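Okay, thanks for making time, everyone. I'd like to walk you through one structure today. Let me put it up and we'll go piece by piece.

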Amino acid sequence: MPTNGYDDRKNRTNLGSHLKRETSVIGRPLMKVDAMSKVTGQALYADDIHLPRMAYARMLPSTQPHARIVRVDTSKAEALPGVLAVITGRDLPIKYGILPVSQDETALAVDKVRFVGEPVAAVAAVDEETAERALELIEVEYEPLKPIMSIEEALEETEVRIQEYGHAGNIHKMVSLQFGDVEAGFAEADYVREDLFFYQGNNHLAMEEHSAVAHYSPDGKLTLWSSTQTPHYVHRALAKVLELPPSRIRVIACHPGGGFGGKSDPFHHEICAAKLAMLTGRPVKITLTREEVFYAHRGRHPVLMWVKTGVKKTGEITAMHFRSMLDGGAYGSYGVATTYYTGALQTVTYKIPRYKFEGLRVFTNKPPCGPKRGHGTPQPRFALEVHFDKICEHMGWDPAEWRQRQACEPFSLTANYLRITTIGLRECIEKVVEASGFKEKFRQLPYGRGVGLACSAYLSGANLPIYWNDMPHSGAMVKVDRGGGVTVYCGSTDIGQGSNSVLAYVVAEVLGVRPHDVAVVTADTDLTPVDLGSYSSRVTVMTGNAAIEAAQKVRDLLFRAAADELGAAPEQLEAAGGRIFRRDDPGVGLPFAKVAQLAEARFGTLAAVGSFTPPKTPGRYKGAGVGPSPSYSYTACVVEVDVDPETGWVRVPKVWIAHDIGRAINPILVEGQAEGSVYMGLGEALMEEQVFRRNLHKIPSMLDYKSPTFLETPDIETILVETNDPHGPFGAKEAGQGPLLPVPPALCNAIYDAVGVRIDELPVTPDKILKALERKAKGQEPRVGPDRMPDVEWSEPIYVEPPDLEHDPSLVPATGSS
Amino acid sequence: MKQLVSLQVNGERHELYVPVHKTLLEVLREELGLTGTKHGCELGECGACTVLVDGEPILSCLTLPVEVQGRDITTVEGLASQGVPHPLQVAFAELNAAQCGYCTPGMLMSAKALLDRTPDPSPDEVREALAGNLCRCTGYVKIVEAVRLAARRQQGDLGTVVDEIERALNEGVVREPGA
Amino acid sequence: MLRLPPFDYYAAPSVEEAVAALRDHGPDAMVVAGGTDLFPKMKRRQMEPRLLVGLRGIRDLYGIRRLEAGGYRLGPMATLTQVSLHPELRAAYPGLTHAAGVVSSPQLRNAGTIGGNLCVDTRCTYYDQSYHWRKAINFCMKKDGEICWVAPGSPRCWAVSSSDTAPVFVALGARVRLVGPEGERVIPVGELYGRDGINFLAGKRPDEIITDILLPPAEGWESVYLKLRRRGSFDFPILGVAVALRRREDGTVAEARVVLGAVESYPVEVEEAAATLVGHRLEPDVIEAAAKACFKPARPLDNTDLTLYYRKKMVPVYVARALRRLAGLTDEAQRRTA
């Protein structure tokens, strides 16, 4: 049963007094606008596209982890009947990358390969079998270089470099930031604790294997259909690499069959499909195999972490010092941002007055890591919440009460200048503790059973764009048809979270029409205004605000057109229930379609645009761009476990999760995000890992890369907490990523409650639990986890004085609604 | 080797001259245009390509068309009858049991086979029956709910499914106690 | 998408004609039953038969029936679902029906056959990979290469026997009838298996087909199968424990067989464990002794899921749990074992 208590039917038909306070669409558990197309098999995914004369392409994977390419001979492949074109790195030499500072990728390897599976050549043929056969005829001569397969090796090896740029040696990026006098903070603490943690890398494992279809028309225009979360960035990359004017490229994002961050970069296969379409004059499709998806990767970075925190007897944190080392794989991808993210959001959950962060990312000869759900924040959140659990244990504090007391304040500014608006963390903790019976269970269940609590915060979209510009992050256009139909156009990509539906809901709410009467056109660079993409939990907040603005402009025209007919000023009108009517006399009104005709007659074609630009960021230091958001969502989670001490097996009977969503535009969609996050968090905590052996991926298949089935996934109880954020559309904040964060640490805290061992390294496999239990039995520290950080010379930190709100009140976030 | 194959798919008979090594998945998607059936691994490790053969869920990626001649093959496109969606489809849509929607066709086929033999399954029976279908979006919660909602509706008065859809799209899902 | 390599298909109308096709085509031909093991391996080019001899059309190979002399005959083409749900088999051979019911996923059990599960290829994370992956390590001795990567000094292949039902059939003393060009013969299931991951079906000639699986009468016999794997679905066993035993009226064990799966290239029957049980009641110290006896014969290596140390450690734990289950000891551990 839903526990958020939404009323199933607010009175839509009653056109009485205060409808506009009482929304008719927002807050309802509506069916998604594209749900029926998905359940009938009609929704079109990229691989479902079959065009006339379409050719198929495959890419040749590198068999070397690190090697110079001496020679590529494609002549035999080209001679194979049915082969239409063969390309190598020389045909696409221009570098690209998602971040302007990491333009280090080429569509096919040029001169050098950097991981097993990296594409070296591509073949287009009349069918996929012929293309695959042709790959086997391509001869590649390699001159092997030393493979570098771990953080430690990358830090030690300075002569052999994987990339020719970066901080130094194989260190891609180093960050060092300090906010206030951390040492003074530790000195005034009553207890200072240090801990080490490791979070293994893992893959998104979206159900759909990436796919792209390219078509190059005789008039020199390129169209690419792709399973991408970021058509705008693919558009930019194609223009750059193919040297085509952006005006001649159209990128259409099909329904991606799952994203989770894994389809947010421009990819090899997208560019190769486009190039091969240009060379052959035929549409070309490339669909990756599951194994190739593991090589395309961009998954969770493996991160080694060290954290030191000082606390007073009274509970306050005096200072924190956090270090992270990220294993980035062979290319940059989002990695610079990820590195910052492992240090950025520490301060927005609990009050941390002084804070120091040192982080680095290394290159290794593995598929590149990138953004996966939570992007760089689940790893430190795991470390922090287990670390705090240990502190509470040591100090004898109740972990729930301590967290409630230390929670950040609403409308405050953190030591690293992140602006918090609404925060429902205390209420989340209260609700989740109550629902789970945490107080009655904690430290009181029989041996083998346990509960654990953890909390987190996440951003509702990044305030800064990926490439520097002053333009809006999201644009929307609303058009009204003479028949009363409404169409909203927006560049956003619905990856299953329901962003198309959110557009329909907010526009329907503003215009007073039924959501099903709103047509949604999205993710097509020819048709829709730019939205940056479905990443960083930005879509509802940014596209929602843009669409509201566009809809309000159209509504203004409608009200002006109706005002004379209805004998009232435009400001006195309301739109609801498919009518436009007088607020003071709801019986006096006109049907929406009729008003649309009046308005079109008076103003011409009815359409308007809206856009959203996030608020300015108060931080002025280098690196201040990563972390700021219009608002932060908050989550509290309790996991219950049943640990078999003889086998180390962990069963999770139930998870309770409370999430501060700001406002649920559609609670059933928010619940879906929370449930999916819990599931994915448990997968990462218990079994998922991208691991390597003999310099290549050990288990690149869905059978051997373990992900939870129905049978490993627990009951999940979701509680939604609403705080009505002033920056959100109708008060909404994010839901897609934040609820994943507290799950792994809550699990580990529960395991400690159950059997008294600390597993400070994810995933928590049964062998680790047994090992820790054996250590415990021998009287050793009952823990499995990393025991040291490699020595490294950290850069001198950029020192920033934490904000002084008393002396600079302009820094205090405004509470006013937007 | 090409061979003449006669397939009965969603009640329609198709005579095809196809290479014998093309799997049922490939023939459905590439020869018959039935792209509703998806694929996530092509190795029998994910369940996305599940179809029904004589009512039993099997994986089309590991099935040779020549071996299922003369048997009734049902894909997601054949779930609706006369344009009216199956109660499972409506329940999945209503309860947000389809997020990205990619696992959904296979999931629906496994669920259909379950309801055909167990009209009122317990949550654990649903989990067991669908354990061969992976989903990465939903955490499976809403899928279990949706299968049980469909089961209850199937047993009771079906009502007019189209009205159900219209209501769910515009007014909201009515979630019954005990869901 | 991954696709099958081209091949010819022969729908054999009878066992004789199937066997003749195998004889005529030699190593180029393979039989296909459910295809759930063969097709993924063909897609990864681990197996490249030019001719598939389909058994689906052979009526004689189906069905489950009670034999007049007692016991049951399983047609090898009976699906794993049919075996696992068969009411009489469930009553008489619960270890077997449980094993059949925990193979892979529901869909695979609907297609996969009981005969196919006996012949399921040995598995290894160096071998069950795509052509390009295997090329990157210069292949392994089981296919196209020279070396066993999991035991590089070894002259033999260490791929793992991954059948759930084979250990139970061995424990139950089941036999198979093989029909080949030279006629038919009946051998114990255990004799099907060689001592090497490549020639793992050494007891069956390539041109022979399993036509019958013969279960001895169940009277007095109890059986159990426990499977260790990461997930409740999809996964092959990384340890299987099958125990079959017969107890006298006083509760002492008259006969027993303890067989381990997925710890070697063949099902490992641990006679020492059985000997420990015979003559005793299933009491904790006896169970512990039998469990301990299974530790050494299990030889897991780093070529499947979880660490080999862990899997080896679990052998006595799972054997003890299997025996405790037969003894009717319902404890915490039982609750936690699927």
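One term before anything else: two residues are in contact if their C-beta atoms, placed from the backbone, lie within 7 Å. Also, what we're looking at is a predicted model, where local features need pLDDT of at least 70, side-chain atom pairs count only at pLDDT 80 or more, and totals for chains, interfaces and linings use all residues. Residues are numbered from 1 along each chain as its sequence is written, and chains are lettered from A and ligands numbered from 1 in the order in which they are written.

Let's start in chain B, with a helix pair. Helices here are DSSP runs of H or I with at least four residues, strands are runs of E with at least two, and both are numbered from the N terminus. Leu88(B), Gln89(B) and Phe92(B) of H2(B) meet Thr104(B), Leu108(B), Ala111(B), Lys112(B) and Leu115(B) of H3(B). By class, that contact has five nonpolar, two polar and one charged residues. For the classes, Ala, Val, Leu, Ile, Met, Phe, Trp, Tyr, Cys and Pro count as nonpolar, Asp, Glu, Lys and Arg as charged, and the others, Gly among them, as polar.

How do these two sit against each other? H2 (residues 87-94) and H3 (residues 104-117) of chain B pack at an angle of about 130°, with axes 10 Å apart. The axes are lines fitted to C-alpha atoms, for helices over the stretch in contact, and angles run from 0 to 180 degrees between N-to-C directions. So H2(B) and H3(B) are oblique to each other. On the cut-offs, under 35 degrees is roughly parallel, over 145 roughly antiparallel, 65 to 115 roughly perpendicular, and the rest oblique. H2(B) passes H3(B) in a right-handed crossing, meaning the near helix is turned clockwise from the far one by less than a right angle, with anticlockwise being left-handed.

Now compare a pair in chain A. H11 (residues 399-406) and H12 (residues 425-436) of chain A pack at about 165°, with their axes 9 Å apart. That makes H11(A) roughly antiparallel to H12(A), and the crossing is left-handed. On the H11(A) side you have Ala400(A), Arg403(A) and Gln404(A), meeting Arg426(A), Ile429(A) and Val433(A) in H12(A). The classes there are three nonpolar, one polar and two charged residues.

Next, the inside. A residue is buried if 20 or more other C-beta atoms lie within 10 Å of its own, exposed if 12 or fewer, and partly exposed in between. A nonpolar core is a set of buried Ala, Val, Leu, Ile, Met, Phe, Trp, Tyr and Cys residues joined through C-beta atoms within 7 Å. Which residues touch the most other members of the largest core? Out of its 439 residues, they are Val507(A) and Ile751(A). H15 (residues 539-566) of chain A gives the largest share of this core, 14 residues. Beyond four places in sequence, the contacts of Ile751(A) include Gly450(A), Val641(A), Val650(A) and Ile769(A). Apart from that core there's another, of six residues, including Val293(A) and Phe294(A).

On to the interfaces. Between A and B, 51 residues of chain A are in contact with 50 residues of chain B. The largest share of the chain A side, seven residues, comes from H17(A), and that side divides into 25 nonpolar, 14 polar and 12 charged. Between C and A, 25 residues come from chain C and 31 from chain A. The chain C side has 11 nonpolar, six polar and eight charged residues.

Chain C also reaches B. Gln107(C), in helix H6 (residues 106-111) of chain C, is in contact with residues of chain B including Gly47(B), Thr50(B) and Gly132(B). Is Gln107(C) buried or exposed? Buried, with 30 other C-beta atoms within 10 Å.

Most residues other than glycine have a negative phi, and most peptide bonds are trans. Leu762(A) and Pro763(A) are joined by a cis peptide bond, omega about -5°. Asp54(B) has a positive phi, near 50°, and sits in the loop between strands S3 (50-53) and S4 (56-59) of chain B. Asp54(B) is exposed, with 12 other C-beta atoms within 10 Å. Arg45(C) has a positive phi too, about 60°, and counts as partly exposed, with 19 C-beta neighbours inside 10 Å.
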